[in-house]
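Dear colleague,

Please find below the structure that I am handing over to you, followed by an account of what was found in it.

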Amino acid sequence: MSPRPGFVLEVDRSTPPTLLWHGEAFKLQKLPLGTRVVYAPEPFAALEDPESAIRAALENPEGDQKPLSALLHADMKLTICFDDISLPLPPMAAPDVRQMVIEAVLDQAAEAGVDDVVLIAALALHRRMTEPELRHALGNRVYDAFAPFGKLLQHDAEDPDNLLYIGKTDHGEDVEINKRAAESDLLVYVNINLVSMDGGHKSVATGLASYKSLRHHHNPKTMRHSKSFMDAPASELHSANWRMGRLIKESGVNIFQIETTLNTDTFPENFKFLQKREWEWNLRDRITFAGASKALDAAPHKMARNILQGIKSPHALRTVHAGEVEAVHQKIVAEVWEQQGVAVEGQTDIVTMGLPYICPYNVNSIMNPILVACLGLGYFFNSYRGAPVVRKGGVAILFHPTRPEFHPGHHPSYIDFFEQVLPETTDPTVMHEQFEEAYATDPWYIHLYRTGHAYHGVHPFYMWYWISHALEHLDKVIIVGGDPATVRRLGFHPATTLDDALEIAKDTVGPSPTITHLHTPPLLMADVTP
Amino acid sequence: MRALIIERKLTRFAAARLASTFGTGRGAGLGPLRLTDREAPRDPGANWYGVTPLLSGICGSDLATVDGRSSQYFEHLVSFPFIPGHEVVAVMNEDGVDAHGRPLTKGTRVVIQPVLGCAARGLPLCPACEAGDVGRCQHLTAGHIRAGLQTGYCADTGGGWCEGPMQAHASQLYEVPETLSNDDAVMVEPMACALHAALRGSYDQASVVAVVGAGTLGLGVIAAINFLDSTNRRPRPRRVVVGARYLAQQRIARLLGANDVVPGDQLIRAVRTATHSMVVGRPNGSTPQLAGGADVVYDCVGSASSLAESLQLVAPGGQIVMVGMPGKASVDLAPLWQREVELVGAYAYGSEHFGEETAATFDLAIEMAGTMELGRLVTAHYPIERFEEAIAHAGMAGPRGAVKIVFEPGRKKASTQEGGPR
């Protein structure tokens, strides 16, 4: 039976309460009558033989690129780059799709007698991955064959000796990327396209870039003009990356792009109810919901966090394409939308969303308040094509505990950003002008980024820029159940319940607002007809 | 006259010390301080004049004394019983002369520079007094008056916590300009301390300066740095970073010219970012030791923990200026040794030197109190009979949004004035 598409439910008297994420917990919430609830499509079927599909993709390239086997020869320099810990979410159960693809590429390289092979995690300014994380992404066989010999690297955007300046785009944007990757005879990039934003020229132009290069598109102006960054033609973020990517190609870097889509089978058997429609819950779903929600509520939240961070998703490979960057990406984006797109007609006054425990930047870590804002207003708000589900001047209501907690090893500059920047300003442009450079060039943050497992000093700014479009679009942001002082520090309004939040929203949207609730995860993209 | 006095009664000191464990200033009811009727102090001799206090402040060292927490070091530098109160604006009861030898007529308002140096004791000037550095006087227990490092700790002079009169020597008297309110004037003595402390720090325009604690002295140091810059006496450092525990303190610190004002527990983070310092070890949630740090740290608290924090904040080769009155403290001095940190005391006042200009700290403080309108730091006035409330208020100044609490001896009981710092 083919999976059912996503759809929009209108809440009536017979609608059961809706499952709502609240950080490391979830609950059932009765939504107001008339609320539109957007449900994701059901997960598509997995490929029956992913290994064969990968091999076929490598030998049947898209666009103006040769088959991989034709690009490999014995005395060449080969670099394989791959997406980092931020993808997929939650981390997928072994074997990870990166492992499957890289093993296939390495098999071909071995057949061709290629000796000079290096793997590089394309971190951009993200934290370095730990050995267990790398082993999980690549598999033990690949890890043990490369890491002990210094052939498994993590991109270092602050290592001037290993960066190569490519040039300027016709918009004056500096392009500087990983030297080993740029100077290789062939650069193979292995993507996991979890959402439509991922992949394309963004893979190399962002994942392997330096701060000098990234700052041209990771800034408030670009983010405000990305409406949304899930929709490349309407995204200035993507336009900049495309300009950079084309310059990289023109400079002679030969890229063999491999992109993959996963289905949205997000939660393992014990948590399957989280991706089912509530009225279809069977007895087992009800019992596991009751047990899990009570256990998570009762557990100290650190324990609850550890339990949930331990979830390995049954995501399965759905499609894979390889070859020339733009041709590959065009096919993949269409397939991502096919899996995740939901047609939504018109906008509402309010959008509500329950925020889960995980986002791209807190895998095996803590969801700090800046990441809460980024997940809700950066990712979920921007999960649209056409127009946001909420009207201009509307209200976003988020559900999350928003505790003032930080991982000191992963997010050191976030703590200072929270304590020193947010009390001064929540305006992305002001903080960009007054504070960004000091954080970006701080030697301690750079040291921690290069030698520890810390996000780059500038990263919290990027997370805040990520919400620029939402901040400009919305009149008010309310967080239900959040720590009040922390929520206020973010510039938002705290509320204790949904009713309380609707009361707070009343002076903006009136007493009878229209509401859309995004029932995610699983991931969905709203295809909005304004 | 009615006066508050402190007597040497060990049981009362012990009771006060015990009571103060429940909060600063709690020793006022049980301790050595009591309200009494007594004879006014006799005239100690030539060049001493009777003055009547208008306002007299309550400072941290007063609270320590009332709570029985003062260092035993001071035991021989005071004489009992004494009337506390060394932050005094008063009115002359007779004609006299001031510290510069200028005439003062009866009724003139004066502030008292309280150190009882050689001149006040009728002694030949010691080298420090000769140089104008009266705070470093070597004869604080000698001469024709009894021991007492300052007015307010000496049995023979009286102090400001009385309905007057008290005695002040010519060398202690500074006329209050007409333009200064009584509130401005009562801030002169603590601001003189802050000015002197600020100048003990060897910052320059490239420096980052940290201020630990934002009570009267911490705020005073911030104001002093700004004042010295605005009067072209000494350029301000590149950044002044302040740890202030309470919101009112944070607001005032910004008003007085601090660049970065953060809650006290965030000071190390703020100094680290301001100096782009590295950190010793990896961040694990505990308070880090900075590898670099501030060039000058003003410790305006004076406790073991504030000194330990200052050592975490200060750069190698830097300087810690102890502004708050310390006592016995157990602190790991390994970083002081390994990082060649200079620990500098900053007590009272004297003469300050700016190139060709030499000025008495008190004259500078009078100028500063006026130009910076420091009377706005005075939060509440109490009559002396409500001393327990006043001391409790001063002890809880931070959490109650206050900075300086003063006695107004002539004030009627029912007319206590209270408000936030303006």
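In which order do the three strands of the open sheet in chain A stand, and with which pairing? The order is β13-β20-β15 (chain A), and the pairing is parallel. Strands here are DSSP runs of E with at least two residues, and helices are runs of H or I with at least four, both numbered from the N terminus; two strands pair if DSSP finds at least two bridges between them.

Before the details, two notes on the source. This is a predicted model, in which local features need pLDDT of at least 70 and side-chain atom pairs count only at pLDDT 80 or more, whereas totals for chains, interfaces and linings use all residues. Residues are numbered from 1 along each chain as its sequence is written, chains are lettered from A and ligands numbered from 1 in the order in which they are written, and side-chain values use heavy atoms, with hydrogens and water left out.

**Sheets of chain A**

β13(A) runs parallel to strand β20 (residues 525–529) of chain A, and five bridges join them. Within this pair, A:A343 stands opposite A:D527. Helix α13 (residues 325–340) of chain A lies across β13, β15 and β20 of chain A, at about 65° to β13(A).

A second open sheet has seven strands in the order β1-β4-β19-β14-β16-β17-β18 (chain A), with mixed pairing. At its edges are β1 and β18 (493–495) of chain A, each pairing on one side only. From one strand to the next, the twist averages 25°.

- Strand β1 (residues 7–10) of chain A is antiparallel to β4(A), with four bridges between them, and A:V8 stands opposite A:V38.
- β4(A) is parallel to strand β19 (residues 515–519) of chain A, again over four bridges, and A:Y39 faces A:H519.
- Strand β14 (residues 348–354) of chain A pairs with β19(A) in the parallel sense through four bridges, with A:V351 opposite A:T516.

In strand β4 (residues 36–39) of chain A, A:R36 and A:V38 point one way and A:V37 and A:Y39 the other, and all are buried. Buried means under 20% relative accessible area, exposed over 50%, and partly exposed in between (1.4 Å probe, protein chains only). Helix α22 (residues 498–509) of chain A lies across β14, β16 (390–399), β17 (476–480), β18 and β19 of chain A, running at about 165° to β16(A).

**A helix pair in chain A**

Helix α15 (residues 412–421) and helix α19 (residues 459–466), both of chain A, pack at an angle of about 65° with their axes 8 Å apart. The contact is made by A:S413, A:Y414, A:F417 and A:V421 of α15(A) with A:H459, A:P460, A:F461, A:M463 and A:W464 of α19(A). By class, seven of these residues are nonpolar, two are polar and none is charged. Ala, Val, Leu, Ile, Met, Phe, Trp, Tyr, Cys and Pro count as nonpolar, Asp, Glu, Lys and Arg as charged, and the others, Gly among them, as polar.

**Chain B**

Four of the five residues of strand β1 (residues 2–6) of chain B are buried, so this strand is largely enclosed by the rest of the structure. Five bridges join β1(B) to strand β2 (residues 33–37) of chain B in the antiparallel sense, and B:I6 stands opposite B:L33. B:I6 is also among the residues that B:T65 touches, along with B:F13, B:P32, B:S70, B:F82 and B:Y153, not counting residues up to four places away in sequence. B:T65 lies in helix α2 (residues 60–66) of chain B and is buried, with a relative accessible area of 10%.

**Enclosed space**

On a 1 Å grid over the protein atoms alone, a cavity is a set of points where a 1.4 Å probe fits but cannot get out, and a pocket is an open set with protein on both sides within 12 Å along at least five of seven lines; lining residues have an atom within 4 Å of a point. The largest cavity is lined by 45 residues, with A:L87, A:M197, A:D198, A:P360 and A:Y379 nearest its centre.

With kind regards

Methods: Axes are lines fitted to C-alpha atoms, for helices over the stretch in contact, and angles run from 0 to 180 degrees between N-to-C directions. Contact means heavy atoms within 4.5 Å.
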